[in-house]
Amino acid sequence: MILFDQIKSSLESISLLQIDNTIEIDGLNITTVCQANESEYQCICEDQYVWSYYNCITYDACDNLNEGTCTCISAIPSDAQMCVPKSELPGFDFLIEIEINATSTTMIDELRNLLVILSLPISSVHVAEITDVDITTVCRLNGTEYQCRCEDQYFWPCEKCTVYGSCDELNSASCGCINAIPNDGHFCQPISELSTEYLTDIEIDAVDITVLKLLRNLLEALSLPLINSNINITEIHITTVCSLNGTEYQCRCEDQYFWPCEKCTVYGSCDELNNASCGCINAIPNDGHFCQPISELSSMYDM
């Protein structure tokens, strides 16, 4: 334990370590301490670190299980995993859909009233927590066919409205009512689940720099978002410009975009190499990749 206390004291005195011009260690922490306790080992987490629920159950927690975690287990895990920050624990969100068969609308009204007075979240044994309960879809016979209507804040996606026929106004990529019970068993969805985001790279071949200038002027004058049918374009940027410089190509990044360190090293940087990035390389990458936003270049390693 004397050695352990000495290591703790040493770590507390370290503020920052610069390994080289690309690697910087800004924090060192003790996460786990395992020691023999009579006939078995106990592995205890240091401050701000915890064992996952799986490890607490598998290796028998030796302290209280709190919100699906513990700080002590009665063995050294066979996979050599250590305690982790609570923020890194895999959070599992489950969406459970329940289908209720009822011949009377009275039951639906009673269920609505129950949900209005329900106090959420509902916790169970500090492991499961019910955060939201909603009615999404109500299907009923309307003459000779079924109609399935969405409750407030829920919608049918465009393909369901098209395949089964909309019985209300089709609004952009959704509707609130269809003329059938879908054969895939799906229900209405929140509006947030109906939209899909795509990042599209477009390569333009031009021998005249005038084309690039015209494109820049066009993008500056462009009013975003651009909405066309079910597509909403929210951002357009020039990321990379490659041009022949004597006998070789140089590929320069536009503002706020950069080449990652490996590209700068493999193809050679034609400007200053700054930490893990550069703004210019001496070739067109053979993998077809372009410059990236700085937010995509940062890499953190847990050793």
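I started with Leu 114, which is partly exposed at a relative accessible area of 45%. For my own reference, buried means under 20% relative accessible area, exposed means over 50%, and partly exposed is in between (1.4 Å probe, protein chains only).

Ground rules before I go on. This is a predicted model, where local features need pLDDT of at least 70, side-chain atom pairs count only at pLDDT 80 or more, and totals for chains, interfaces and linings use all residues. Residues are numbered from 1 along each chain as its sequence is written, and side-chain values use heavy atoms, with hydrogens and water left out.

**Surface patch**

I looked up where Leu 114 sits, and it lies in helix H3. (Helices, H or I of at least four residues, and strands, E of at least two, are DSSP runs numbered from the N terminus.) Leu 114 also belongs to a nonpolar surface patch with Val 116, Ile 117, Leu 118, Leu 120, Ile 122, Ile 130 and Val 133, and together they have about 680 Å² of accessible area. Helix H3, residues 105-117, gives the largest share of that patch, three residues.

**Disulfides**

Next I went through the cysteines. I found that the structure holds twelve disulfides, a disulfide being a pair of cysteine sulfur atoms within 2.5 Å.

- Cys 62 is joined to Cys 72, S to S 1.7 Å. This pair links distant parts of the chain, ten residues apart: Cys 62 is in the loop between helix H2 and strand E6, and Cys 72 is in strand E6. Cys 62 is partly exposed at 29%, whereas Cys 72 is buried at 6%.
- Cys 150 is joined to Cys 188, S to S 2.1 Å. Here the partners are 38 residues apart, with Cys 150 in strand E11 and Cys 188 in the loop between strands E14 and E15. Cys 150 is buried at 15%, and Cys 188 is buried at 3%.
- Cys 270 and Cys 280 have their sulfur atoms 1.7 Å apart. The link is left-handed, with -85° about the S-S bond. I put Cys 270 down as partly exposed at 21% and Cys 280 as buried at 0%.

**Cysteines without a partner**

Cys 261 is in no disulfide either, and the nearest cysteine sulfur, that of Cys 264, is 6.1 Å away. I also checked the accessibility of Cys 261, which is partly exposed at 22%.

Note on methods: Patches are made of residues with over 30% relative accessible area and no salt bridge: like charges are joined within 9 Å, nonpolar side chains (Val, Leu, Ile, Met, Phe, Trp, Tyr) within 5 Å. Accessible areas come from the Shrake-Rupley method with a 1.4 Å probe; for residues, only the protein chains shown count as cover. A salt bridge is a side-chain nitrogen of Lys or Arg within 4 Å of a carboxyl oxygen of Asp or Glu.
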